[in-house]
Amino acid sequence: MEQFLIYSKNNIVPLVPLVFVLVFISKFIIEILERIGKKAKIHIYPAGKLEIGFSQYGPTIALCGTMRAQKIDAFIAKIAIRVARKDSDFARLMDWRAFKPYVLGLIPDNEIKLELASAFLLNINSPFKCNIVFVDDPFIAKYSVLIPKIQSLWETYKNNQDEEALSNLGASFEQFLKTEEIRDIIVTFTDAFYWEPGSYSLEMFIHTSNPDKIHKTLFAFDLSIQQTGLLKENIIKIIQLICNIKVNCKYVFSEYK
């Protein structure tokens, strides 16, 4: 026994720190291999139809469906889409802006409350039902400067009308639309309107962190002449809303492809 203790002291004990180092290194290597083998995968399962709009929020697209993470949880930092019209050079980037309720009202034009879009954790055991509204921020930034001008013109126009004329608000507003300044603004909005009939591709970019990665999903949809015509009619309604006249803009719906 004494000889064994002497042997252990001289040969085994010095190796103990090395064993701890090897255990730590092996544990670190195993964790790295597990992370490499478990990269997050995100799938989108669309539901219903794509909602296309042109309203007080500018050009919009709302995508409804279920988002699912596989292998490991994923922290969704932001989501964006790129919309392009086939057989043309038209392409626009849109950022997520709001979540709509994942329900449909009995009255289509019922006012819907939007929740500001923000980053969230997507758990592998809890798929996320989503109805995401995407907006064209550069478009809004460019044309929002017309809002105070329209409001000022409307206030000036009302101040120059007698009470009898203002008693019929609809007729008064129709005359307001015929003024030179407003006709020019209508032309500006009409020229800026970019929903044209045709086939579109829609590429979604889901940005995740830890690790940083962009998950891509591709869809397609069509817009008809009737649909784009309906959206273009919203130009007058946008001016009405700017003038604080309550009205509902129309939206169109397209099948996912």
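A residue is called buried when its relative accessible area is under 20% and exposed when it is over 50%, with partly exposed in between (1.4 Å probe, protein chains only). Helices (H or I, at least four residues) and strands (E, at least two) are DSSP runs, numbered from the N terminus. This is a predicted model, in which local features need pLDDT of at least 70, side-chain atom pairs count only at pLDDT 80 or more, and totals for chains, interfaces and linings use all residues. Residues are numbered from 1 along each chain as its sequence is written, and side-chain values use heavy atoms, with hydrogens and water left out.

**View 1. The crossing of helix α4 (residues 146-159) and helix α6 (residues 169-177).** The two axes come within 11 Å and cross at roughly 120 degrees. Axes are lines fitted to C-alpha atoms, for helices over the stretch in contact, and angles run from 0 to 180 degrees between N-to-C directions. α4 and α6 are therefore oblique to each other; angles under 35 degrees count as roughly parallel, over 145 as roughly antiparallel, 65 to 115 as roughly perpendicular and the rest as oblique. From α4, Ile150, Leu153, Trp154 and Tyr157 meet Leu169, Ser172, Phe173, Gln175 and Phe176 of α6.

**View 2. The buried side of α6.** The buried residues here are Ser172, Phe173, Phe176 and Leu177. An arc of only 145 degrees around the axis holds them, which puts them on the same side of α6.

**View 3. Strand β4 (residues 74-85) and its pairing with β7 (residues 120-122).** Two strands pair if DSSP finds at least two bridges between them. Three bridges join β4 to β7, and the strands run antiparallel. Phe75 has Leu121 as its bridge partner in β7.

**View 4. β4 beside strand β9 (residues 198-209) and strand β5 (residues 91-99).** With β9, β4 forms 10 bridges in the antiparallel sense, and Lys78 is partnered by His207. With β5, the antiparallel pairing has five bridges, one partner of Val83 being Arg92. The hairpin of β4 and β5 has five residues between the strands, and Asp87 takes a positive phi near 60 degrees there.

Methods. Contact = heavy atoms within 4.5 Å. Arc of directions from axis to C-beta.
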